[in-house]
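Subject: Handing over the structure

Hi,

Here is the structure I promised to pass on. Have a look at it first, and then read my notes below.

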Amino acid sequence: MYQFFIEQENITEDGIWITDSKEVNHIKNVLRMKQGEKVTLCCQQNGREYVCAIAEFSPGGVRMVIEDISGETRELPVDITLFQCLPKGDKMELIIQKAVELGASAIIPVASGRSVVKLDEKKAAKKVQRWQEIAKSAAKQAKRTKIPEVGSVRPFAQAVEDAAKMDMLLLPYEDAKGMAHSREVMAQVAEKKTLGIIIGPEGGFQEKEVALAVEHGAHAITLGRRILRTETAGMAVLSVLMFLLEEE
């Protein structure tokens, strides 16, 4: 069953209306759905999931008739923000897609000292718009009940300041203490409400960046004896967190 996201204002007395032109085109012309076919609609404001049938196509959009309402959430109990230092090429698209699938609440692109990619304000804005669409698509596929936000690109120092406001901050780093220390740190995550993860670029963190993060309360952890690529490290941490935090 296909899934779409709606706003609270789309819910009316005569059903739920899909009015976004892109979504209407996707339903009508791409998927070629017909009257009576069922879809799942998720409202981020109230956290509900609606099973609906297509009632009609009109110039104003697509009207859905509600058949069932579920209050079930597929979100993790801890809000996890992935601070991802900008990687080369189109790796960021893959990182965002998988981070959304694994339960991240937000993804923040970070310009670090060893980031090869340099984006001016105009290019960064276009990239973020593209990345947000990828996050939305991944949220649909994973049947999330909310669309994770892709934030604006920010310098490493600002990202650390933002991350320090969270209940806990993790910094995967190849020179961190052994796995015993990492397990001790990970054992504390269930007690938190907000959690940040900072992932370095292809060249890794600069020493001064690690020092800055630790000064702001980051827990440097190791992910094992193998060196992981930047597009793998975030997925590895999120996978462990999903396993630890997923509720019955």
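A word on residue classes before anything else: Ala, Val, Leu, Ile, Met, Phe, Trp, Tyr, Cys and Pro count as nonpolar, Asp, Glu, Lys and Arg as charged, and the others, Gly among them, as polar. Keep in mind that this is a predicted model, where local features need pLDDT of at least 70 and side-chain atom pairs count only at pLDDT 80 or more, while totals for chains, interfaces and linings use all residues. Residues are numbered from 1 along each chain as its sequence is written, and side-chain values use heavy atoms, with hydrogens and water left out.

**Pockets**

Rolling a probe the size of a water molecule over the atoms shows where empty space is left. The search here runs on a 1 Å grid over the protein atoms alone; a pocket is an open set of points with protein on both sides within 12 Å along at least five of seven lines, a cavity is a set of points where a 1.4 Å probe fits but cannot get out, and lining residues have an atom within 4 Å of a point. Points are joined across faces, edges and corners, and a volume is the space filled by probe spheres set on them.

The largest pocket holds about 420 Å³ of space. It is lined by 24 residues, and Pro-172, Glu-174, Ile-227, Leu-228 and Ala-233 are the closest to its centre. By class, that lining has 10 nonpolar, 6 polar and 8 charged residues. Helix α7 (residues 230–245) gives the most to it, with 3 residues. Helices (H or I, at least four residues) and strands (E, at least two) are DSSP runs, numbered from the N terminus.

For the second largest pocket, the volume is about 260 Å³. Among its 15 lining residues, Phe-5, Ile-6, Glu-7, Asp-20 and Lys-136 lie nearest the centre. β1 (2–6), β3 (15–18) and α3 (121–141) each supply at least two residues of this lining, and β1 has the largest share, 3 residues. The classes here are 6 nonpolar, 4 polar and 5 charged.

**The cavity**

How many cavities of 30 Å³ or more does the whole structure have? The search finds 1. About 40 Å³ of space lies in the largest cavity, and its lining consists of Leu-82, Ile-95, Ala-99, Thr-230, Glu-231, Gly-234, Met-235 and Leu-238. The elements that give two or more residues to this lining are α2 (91–101) and α7. Helix α7 provides the largest share, 5 residues.

**Helix packing**

Two packed helices are described by the angle between their axes and the distance between the axes. Axes are lines fitted to C-alpha atoms, for helices over the stretch in contact, and angles run from 0 to 180 degrees between N-to-C directions.

Helix α4 (residues 156–163) packs on helix α6 (residues 207–215) at an angle of about 20°, with the axes 9 Å apart. That makes α4 roughly parallel to α6 (angles under 35 degrees count as roughly parallel, over 145 as roughly antiparallel, 65 to 115 as roughly perpendicular and the rest as oblique). Phe-156, Ala-157 and Val-160 in α4 meet Glu-209, Leu-212 and Ala-213 in α6, where contact means heavy atoms within 4.5 Å. The residues of this contact divide into 5 nonpolar, no polar and 1 charged.

The axes of α2 and α3 cross at roughly 35° and come within 8 Å. By class, their contact has 8 nonpolar, 2 polar and 3 charged residues.

Over to you!
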